[in-house]
Amino acid sequence: MNKFESELKTGNFVTSECNHCNRVVWPPSDYCDNCFQKVSWRKISKNGTIIELSKKENDVFCISEFENKIRIMGKLDAQIDMAKPGQRVKLSKCLFNGKNRFFFSLENN
Amino acid sequence: MKKIAVVGYGNTKFTKDKLPIESLLLESTKQVFDTTKNLSQDLIDGVIVSTNDNSKYLGAILSELSGIKPKISHTVEHLCSSGSSAVISGFSYIASGLVDTVLVTGADNIGNSGQILEWDKSRGEYDRPIYWASMFTKAHKRQFNTTDEELAIVSAKNHKHAMDNPHAYTHKPYTISEIMNSKNITDDLRILDCSYSCSGGSSILLSSEKTAKKFTDQPIWISGIGQKTNSASFTKNKLTTLSSSVMAANDAYKMAKITPQEIDVAEIHDAFSVCELMAVEDLNFTEKNTGAQYVRNLFNTEDRKINPRGGLIGAGHPLGATGIAQIVEITQQLQNKAEKRQISNANHGLIHNMSAAATSSSVLVLKS
Ligand SMILES: [Zn+2]
């Protein structure tokens, strides 16, 4: 298991980043995809933006973007009609139980 | 570069039955031997298998079962575009002069593991293809005001075409309203707007110009190839354009020295209805934002130019076989042997095959 998943298990949302290139390395990896130096790990800002969303049964799911780069799919705690792309969301919870799970809530816009 | 042709082909019937992968591979290979003149095992010096199956050493197994002792033999896996990737490998081996004649055989089983990319952490629990397809569809509706009816026309057309494809996994026609009223998978996806994994195998035989005429009076030349991989993880994608397909198509047209308007017939990767609307635009058959009108017009005029065998939605999608089955169809079209599916005066054909929400794409141009 890599650092991303072990941190996710404890509820932390982290990314790899390269201190040489001063950039986020996403998806999570051991080495920078630009300079191949070893990455360091840090928490990701929990404030994101909806890119797109849909609904399966009662489950609203969306792609959200964090720090203008990190995109993940997760469950949105909102009515589908209340949300649209560009809207601000917060990562309310994340965990790992066999699969990564991300939960978002709408910010007061 | 050397001229390389498709000189033989074979297909199994696509089915919902689970079958041994070796049997699927052998069945379509047998068809190649049954239908290609002057073909004997000693003339094949490359055997490439395309599959997402977890079985090992299938290139060697198929070779042994077919009595072939090739110079080059191995398996190619690239998710849904494994088939076209294997063909491009076979093409390259012949072009390099390493070998002269290559058998490319692809197969997969219903419910195989190639549909979920475990590595892609960005998808979270939403790892099945229906989720990216919902994102594509919703974004398309939002940007181009695409309607459920316009999406349903893709499926209605392709199911209709599949009626005349003896290898398709189903031969049931659907009306536009039946498709629109079929079960909601998500808010943006009906069950009849999806292609489904099935069991099946397809083969082609590739040969250099030097020996092509030995096997057929109608060699079909691979005149253009483009392939592009942008990423593996879905969430780096643009949502309203298949950007890897755009790049692959441009390279393929350039190599073939033709314009998109010269393509007479195409098999394109309609994994979901929205993919066909995007592809006809991104392959430059029609301008951006006119894909739905373009497909509606094909449907209304019974023009089979796009997906004459029924595409993935109509014929079924045995992942490793799909790219090869597309080439078999276009080869038959250009040989004027596509029977009820035949497009008149087809000289140039195209196949478009992609993987994992168009994170990578292959485009091949064929000519008679
Ligand atoms: Zn770096």
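Let me start with a definition: helices (H or I, at least four residues) and strands (E, at least two) are DSSP runs, numbered from the N terminus. With that convention, A:Pro27 falls in the loop between β2 (23-25) and β3 (40-43) of chain A. The peptide bond leading from A:Trp26 into A:Pro27 is cis, with omega near 0°.

Two sentences on provenance. This is a predicted model, in which local features need pLDDT of at least 70 and side-chain atom pairs count only at pLDDT 80 or more, while totals for chains, interfaces and linings use all residues. Residues are numbered from 1 along each chain as its sequence is written, chains are lettered from A and ligands numbered from 1 in the order in which they are written, and side-chain values use heavy atoms, with hydrogens and water left out.

I turn next to the metal site. Which residues coordinate the zinc ion? The ligands are A:Cys18, A:Cys21, A:Cys32 and A:Cys35, each through SG, at 2.2 to 2.4 Å. Donors here are N, O and S atoms within 2.8 Å of the metal (3.2 Å for Na, K and Ca); water is not among the atoms, so sites may look incomplete. Along the chain, the donors follow the spacing C-x2-C-x10-C-x2-C. The angles among the four donor atoms run from 101 to 118°, and the site is tetrahedral, a label that four donors receive if all angles lie between 85 and 135 degrees.

A salt bridge in chain A also deserves mention. The side chains of A:Asp33 and A:Arg23 meet in a salt bridge at 2.8 Å, N to O; the term requires a side-chain nitrogen of Lys or Arg within 4 Å of a carboxyl oxygen of Asp or Glu. This pair links distant parts of the chain, with A:Asp33 in the loop between β2 and β3 of chain A and A:Arg23 in strand β2 of chain A, 10 residues apart. Over all chains, the search of the whole structure finds 28 salt bridges.

Now the interface. How many residues of chain A are in contact with chain B? There are 25, facing 26 residues of chain B, where contact means heavy atoms within 4.5 Å. About 2,200 Å² is buried between the two chains, and carbon and sulfur atoms give 59% of that area. Buried area is the accessible area (1.4 Å probe) that two parts lose on being put together, summed over both. A:Glu52, A:Lys56 and A:Met73 supply 26% of the area that chain A buries against chain B, more than any other three residues.

Between chain A and chain B the count is five salt bridges. A:Lys55 forms a salt bridge with B:Asp187, and their closest N and O atoms are 3.9 Å apart. On the chain A side, α1 (3-9), β4 (47-56), β5 (59-66), β6 (70-77) and β8 (100-106) each supply at least two of the residues that touch chain B. The largest share, six residues, comes from β4(A).

Finally, chain B. B:Asn38, in the loop between α1 (21-35) and β2 (46-50) of chain B, has a positive phi of about 60° although it is not a glycine. B:Asn336 likewise has a positive phi of about 60° without being a glycine, and is found in the loop between α12 (319-334) and β10 (348-355) of chain B.

Key
Tetrahedral: all angles 85-135°; square planar, octahedral: opposite > 155°, others 65-115°.
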